[in-house]
Amino acid sequence: MTQSPQPRTTPQKAGLLLVAGAGDTPLYQQVKEAVVARILSGDWAEGMRVPSENELVRELGLSRMTVHRALRELTLEGWVERRQGAGSFVAATKPQSAALEIRSIKDEIEGRGHSYRAEVHLLKRERAQVLEAGLLGLEKGEPLFHSLILHHEDGVPVQLEERFVNPAMAPDYLDQDFTTITPYDYLITACPLSEAEHTILAVMPDEDQRLLLKMKKGEPCLLLRRRTWSNRIPVTHALLTHPGDRYRLGARFKGPGSGD
């Protein structure tokens, strides 16, 4: 169903302002970006109630289908959490469990005695949209680097890595041959890691992801969303998607009684 043009510049009670002239950006994506912008700016703090679907439909003048999709995807991506009978709230931006060790996927695979191969599907410079700009400490429209790489273990795809990179921290990123070196191996040398944030989600892949990962319809994925910093400056925002039946994420930790 084709939606008629909607007003995008009227101030809203929810504090959301959709950007006029956003080109081909779908309306649901504009809603998502507006919500994330408020969260990243600190205007909407962790635990704060998010306007309901009905409130957003009324205040933004958009269809229920558009708002429902935006809120559903924000929930799946870990920005918003829904509480039964209470509504939706800003989710914790920091992971609730201890961080996983960060390693090169090439080293992981070869460490298991298996063969590793990578396919580069995208490697380019582009202008930052609201979400990526906020996550990388950039202004909307500033340049960033964007890559999409499919990692294989013994010929079987096990991880789809989509990565957004701050060019100031890794200026030679686009010049690398990521079939012979992983983004991790380059970045750990170009700007040594000082801090990382992980969020792990169970999600359904979109059609492009499903086809690249050679998954059957209806199969779920594990999504590891990672942000990294070097000397407190944001370096990357990565989305690491794994077929749920071909990959596992794990770590071993010592408790307070271990003496370490």
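**Notes on the chain**

Modeller: Let's begin with Pro 167, which sits in the loop between strand E6 (156-165) and H6. Helices (H or I, at least four residues) and strands (E, at least two) are DSSP runs, numbered from the N terminus. This is a predicted model: local features need pLDDT of at least 70, side-chain atom pairs count only at pLDDT 80 or more, and totals for chains, interfaces and linings use all residues. Residues are numbered from 1 along each chain as its sequence is written, and side-chain values use heavy atoms, with hydrogens and water left out.

Colleague: Is Pro 167 buried or exposed?

Modeller: Pro 167 is buried, with a relative accessible area of 16%. Buried means under 20% relative accessible area, exposed over 50%, and partly exposed in between (1.4 Å probe, protein chains only).

Colleague: What is Pro 167 in contact with, leaving aside neighbours within four places in sequence?

Modeller: Pro 143, Leu 144 and Phe 145. Contact means heavy atoms within 4.5 Å. Thr 236 is 69 residues from Pro 167 in sequence, and their C-alpha atoms are 9.4 Å apart.

Colleague: And Leu 122, where does that lie?

Modeller: Leu 122 is in strand E4 (residues 116-127). Leu 122 is partly exposed, at 24% relative accessible area. Not counting residues up to four places away in sequence, Leu 122 touches His 146, Ser 147 and Leu 148.

Colleague: Switching to the whole chain. How many helices and strands?

Modeller: Seven helices and nine strands. Of the 260 residues, 43% are buried. Among contacts between residues at least 6 apart in sequence, 59% join residues at least 24 apart.

Colleague: Which residues of H2 are buried?

Modeller: In helix H2 (residues 53-60), the buried ones are Glu 53, Leu 56, Val 57, Glu 59 and Leu 60. Their cover includes helix H1 (27-41) and helix H3 (64-76). Just after H2, Gly 61 has a positive phi of about 70°.

Colleague: How many disulfides does the structure hold?

Modeller: Zero, taking a disulfide as a pair of cysteine sulfur atoms within 2.5 Å. Cys 191 is buried at 7% relative accessible area, and Cys 221 is buried at 2%.

Colleague: How many cavities are there of 30 Å³ or more?

Modeller: A search of the whole structure finds three. On a 1 Å grid over the protein atoms alone, a cavity is a set of points where a 1.4 Å probe fits but cannot get out, and a pocket is an open set with protein on both sides within 12 Å along at least five of seven lines; lining residues have an atom within 4 Å of a point. The largest cavity holds about 160 Å³ of space.

Colleague: What lines the largest cavity?

Modeller: The lining has 14 residues, and Tyr 184, Leu 187, Ile 188, Leu 193 and Thr 228 lie nearest the centre. Helix H6 (183-190), strand E8 (221-230) and strand E9 (233-243) each give two or more residues. E8 gives the largest share, four residues.

Colleague: And how much space lies in the largest pocket?

Modeller: About 1200 Å³. Of its 36 lining residues, Glu 77, Glu 162, Asp 206, Gln 209 and Leu 239 are closest to the centre.

Note on methods
Points joined across faces, edges and corners; volume = space filled by probe spheres on them.
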